[in-house]
Amino acid sequence: MAKTILIVDDDPTQRRLLQAVVEKQNFIAAHADSGEAALDALGNGGNIDIILLDLVMPGMGGMKALAEMKARAPHVPVIVLTGQGGIDTVVKAMQAGAADFFVKPVSPERLTVSLRNVMKVGELQGEVVRLRKTASGALCFGDMIADAPAMRQVVRLGERGAKSNIPILVLGDSGVGKELVAQAIHGASARSGKPMITVNCGALPENLVESILFGHEKGAFTGAIDKHMGKFREANGGTLFLDEVGDLPQDIQVKLLRALQEGEIDPVGAKRSVKVDVRIISATNRDLAEDVATGKFREDLFYRLNVFPIDVPPLQDRMEDLPELVRHFIGRFNAQEGMHITGVTAQTMSLLKGFNWPGNVRQLENAVFRAVILCEGTELEAQDFPHISGVTRDIEADDDEELALVVEPVAAQPDGPASDRDGPVHITNTAGHIRALEAIERDLIEFAIGAYAGHMSEIARRLGIGRSTLYRKVREHDLDAKASKTG
Ligand SMILES: Nc1ncnc2c1ncn2[C@@H]1O[C@H](COP(=O)(O)OP(=O)(O)OP(=O)(O)O)[C@@H](O)[C@H]1O
Ligand SMILES: [Mg+2]
């Protein structure tokens, strides 16, 4: 997890000195005694994050090595080192793309600051690239973390589906990355230069669904002051992403079917139909076949949407990707929050690997976000993941109710008999007395909001109460339901 710094110097004493500084900052040090060896290390997929390069070396020499490095791995920052009097070379090196430079002897403090700055710039650049790609519709499968075998299949299918205009249905539990897959399909398709318009079908006000999707003419109904394009026409030439498609009301399902079959829509109040050229990607975390069986979802529409289903597996089935996802999210929140977290401790990583992540990648993303904010050192620790480890930092303890500290890691199972290792929700206080029901309820709901990443329907179902009851309790307890649902 920690970043790897490649130290390139022909002088073994110098390498050892730099190694000591690097390791003290919790980075991993790798060595090369020549430019050639450094390029080998870089080429072997050794996951080098930053290079410290001596400019004066026998053989290929630092300048030549630098040029090669920038050609082969332009995203890996190179910090150059030189002896007194080598300033001219330093100028050339900076022009050739070096990120920073030092004149030997190197002071450990200055080197540490430089490493951190270089890393921060890298993370900010990564974040800028990601945001720009998301905004312009150029996000593609290479931007997803999907090395686990279960995910490779998703990428294979997605890339194949992207090549044609076939309707795609992205299936999977909440938080698995359905929207990201949809964006990648759009980005990999010939339509990537055109807009991708997202509609959250579950969040449309019932009386406006039709107008939002298909548009309306001026004066079509009371309040229709202006003509409105509608999402279909906004997406013309591009992709329309129908998120939570299972939530569409029945009468709209009929109209959507017609749009798909005929390639034309009827804006509200319009005299004529309008031709549209959109590629439909839809997504749902519901069992649509089941909804068809119970009559909630139209069978004919289901077959239209479900031509090319892609199942995104739960995080639990692709834990091989977890370390990389954690690293990715740390980088993102470092950039966003101006933090310098280098990774997670080995113990914490095994804790994260042992958890079952019912809220999937989104829950992991939220957990890392919270951890980055809570973290007091350079690496994330168990207590930075209180919902998962059951370990809290002192600052978290209640004033009037000192909670007992549960140190044992718990892998919470959503179902099954109550465990005696009940995790972060405590029924007794430190004095061994039972806590008030209301206080336990509050903690339980708070825990559930974190565990299910703020997905209120899921939380209500798990707690066995109605959604409106849940919302009422959230208000009563003054909890922040949205706090854990980002993105
Ligand atoms: N493979 C991945 N690599 C990198 N980031 C990912 C990956 N999968 C998901 N994410 C991130 O996790 C978050 C949740 O993903 P997304 O919104 O696509 O999930 P979803 O299945 O649509 O969730 P929901 O059911 O809540 O709508 C996003 O911030 C997304 O960028
Ligand atoms: Mg989604």
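Colleague: Let's start with strand 11: how many of its six residues are buried?

Modeller: Keep in mind that this is a predicted model. Strand 11 covers residues 279-284 and is mostly covered. Buried here means under 20% relative accessible area. By that cut-off, the number of buried residues in strand 11 is six of six.

Colleague: And which residues of strand 11 point the other way from R279, I281 and A283?

Modeller: In a regular strand the side chains alternate between the two faces of the sheet. Here R279, I281 and A283 point one way, and the residues on both sides are buried. Pointing the other way are I280, S282 and T284.

Colleague: Then which residue stands opposite R279 in strand 11?

Modeller: For that one, turn to strand 8, residues 239-243. Strand 8 pairs with strand 11 in the parallel sense, over four bridges. Opposite R279 stands T239.

Colleague: Moving on to ligand 1, why does it lie between two domains, and which ones are they?

Modeller: Start with the shell, where 16 residues surround ligand 1, with I145, K178, L180, R362 and E365 the closest. Helix 7 (178-188), helix 13 (322-337) and helix 15 (360-374) each supply at least two residues of that shell. Ligand 1 lies between two domains because both give residues to the shell, and they are domain 2 (141-313) and domain 3 (317-476).

Colleague: How far is an oxygen atom of ligand 1 from an N or O atom in the side chain of R362?

Modeller: Let's go through some contacts, beginning with the backbone. A backbone N or O atom of V176 lies 3.3 Å from an oxygen atom of ligand 1, and a polar backbone atom of G177 is 3.0 Å from an oxygen atom of the ligand. For the side chain of R362, the distance is 2.8 Å.

Colleague: And what share of the area of ligand 1 does the protein bury?

Modeller: Taken alone, ligand 1 exposes 630 Å². Of that area, the protein buries 93%.

Methods:
Residues are numbered from 1 along each chain as its sequence is written. Chains are lettered from A and ligands numbered from 1 in the order in which they are written. This is a predicted model: local features need pLDDT of at least 70, side-chain atom pairs count only at pLDDT 80 or more; totals for chains, interfaces and linings use all residues. Side-chain values use heavy atoms; hydrogens and water are left out. Buried means under 20% relative accessible area, exposed over 50%, partly exposed in between (1.4 Å probe, protein chains only). Two strands pair if DSSP finds at least two bridges between them. A residue is near a molecule or strand if one of its heavy atoms lies within 4 Å of it. A polar contact is a pair of N or O atoms within 3.5 Å; within protein, one must be able to donate a hydrogen and the other to accept it, and residues adjacent in sequence count only if both atoms are side-chain atoms. Accessible areas come from the Shrake-Rupley method with a 1.4 Å probe; for residues, only the protein chains shown count as cover. Domain bounds come from an automatic or database domain assignment.
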